[in-house]
Amino acid sequence: MGVKEDILIRLCEGETGGEALARELNVTRAAVWKAVRALCADGYDIISDRRGYKLAYADVPCAEVVEKKLKTAWKVESLVSVPSTMECARRLAESGADRVAVIAEEQTAGRGRLDRRFYSPRGAGLYISAVLRPDIMASDCGKITAYAAVAAARATERLCGAPVSIKWVNDLYMNGKKICGVLTEGGFGMESGKLSYAVVGIGINTGKGEMPASVTERASDVFTESGVRVSRSDLAAALLDELADLPRAASTGDFIDEYRRRSCVIGRRVTVNGEYDALAVGIADDCSLILEKADGERVSFAAGEVSLKL
């Protein structure tokens with residue numbers, strides 16, 4: 001690590017003076033000033049006054065801080081602003097990367113399922129995409145999204161202490177409000193029929209940012225719903241530690257009972273693809289949703305969109 005990275009870590013931990021930085025890092029004040037200028041050029045908003053330096057947006061989930069907190073092996077890259085962490089991670093996956101994660105302070109073109117926009121303002125959430133290479137057939141890929149949702153629920157719940165439920169197939173809810181979305185994409189071997197790589201994108205609203213009214217009508221954040229200010233660096237590390245088990249979990253399916261227990265859909269009426277209403281009666285072993293239509297017919301619903309009927 002260089003001086004710039006060392007200073008960023010210290011700024012993530014709180015306000016610090018230029019003289020103290022120089023003394024701790026055994027460099028000159030000029031070297032500190034140069035490193036701070038470089039961080040500003042990278043896009044970090046750093047406030048300078050007579051007391052020293054501090055980040056305008058507190059709790060920045062920078063790679064060096066997250067990697068220090070991890071219990072599992074990951075390579076983490078952190079960026080200030082990108083169109084989409086999914087696109088960054090996909091390029092890394094196509095170049096052969098494995099167990100690498102990309103975190104951004106904001107996304108200007110974040111997206112969710114069905115290419116919907118995922119609003120991702122600076123300071124308001126954890127926006128992360130991870131590359132993994134589970135050894136599974138294409139037919140089992142539904143388990144990847146389901147396990148990623150369980151992993152995100154576990155990590156969030158552990159840090160804030162409030163229960164987290166899952167709306168099939170990929171949304172996390174607290175107190176009836178969406179706080180997180182999961183998006184998975186992958187590459188496939190045409191001959192083997194197996195997954196070559198998976199990119200798991202997760203956006204968790206942690207709070208502090210400004211959300212438009214059109215978003216807050218149906219969504220919320222961890223702080224609003226639990227009253228706990230969750231560190232995004234802690235959350236990123238906890239989430240990646242859970243995701244590290246994805247290849248094994250997707251192969252065995254031993255997480256599916258927990259996925260069912262966390263469901264806020266089972267036993268409720270839903271609208272399917274905006275076309276018809278049905279009763280959600282269960283989740284199959286392949287993580288598809290089992291629906292009962294008005295005429296009593298039961299069908300397995302593997303892909304698409306369901307909305308809860310109040």
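**Exercise 1. What span should the 12 residues of helix H9 have, and how far apart are its end C-alpha atoms?**

Solution. The model is predicted. Helix H9 covers residues 232-243. The expected span is 1.5 Å times one less than the number of residues, so the 12 residues of H9 should span 16 Å. The end C-alpha atoms of H9 are 16 Å apart, which agrees.

**Exercise 2. Decide how far H9 is enclosed, and find the residue that caps its N-terminal end.**

Solution. A residue counts as buried under 20% relative accessible area. In H9, 11 of the 12 residues are buried, so the helix is largely enclosed by the rest of the structure. Among them are Arg-232, Asp-241 and Glu-242, along with Leu-235, Leu-239 and Leu-240. The N-terminal cap is Ser-231, with a side-chain oxygen 3.3 Å from the backbone nitrogen of Ser-233.

**Exercise 3. Is Ser-233 buried or exposed, and which residues does it touch?**

Solution. Ser-233 lies in helix H9. Its relative accessibility is 3%, so Ser-233 counts as buried. Leaving aside residues up to four places away in sequence, Ser-233 touches Asp-59, Val-60, Pro-61, Cys-62, Val-65, Val-66 and Lys-69. The C-alpha atom of Ser-233 is also 9.3 Å from that of Cys-12, a residue 221 places away along the chain.

How values were computed: Residues numbered from 1 in each chain as written. Predicted model: local features only at pLDDT ≥ 70, side-chain atom pairs only at ≥ 80, totals over all residues. Heavy atoms only, no water. Helix = DSSP H or I, 4+ residues; strand = E, 2+ residues; numbered from the N terminus. Buried < 20%, exposed > 50% of the residue type's maximum accessible area, 1.4 Å probe, protein only. Polar contact = N/O pair within 3.5 Å; in protein donor to acceptor, adjacent residues only side chain to side chain. Contact = heavy atoms within 4.5 Å.
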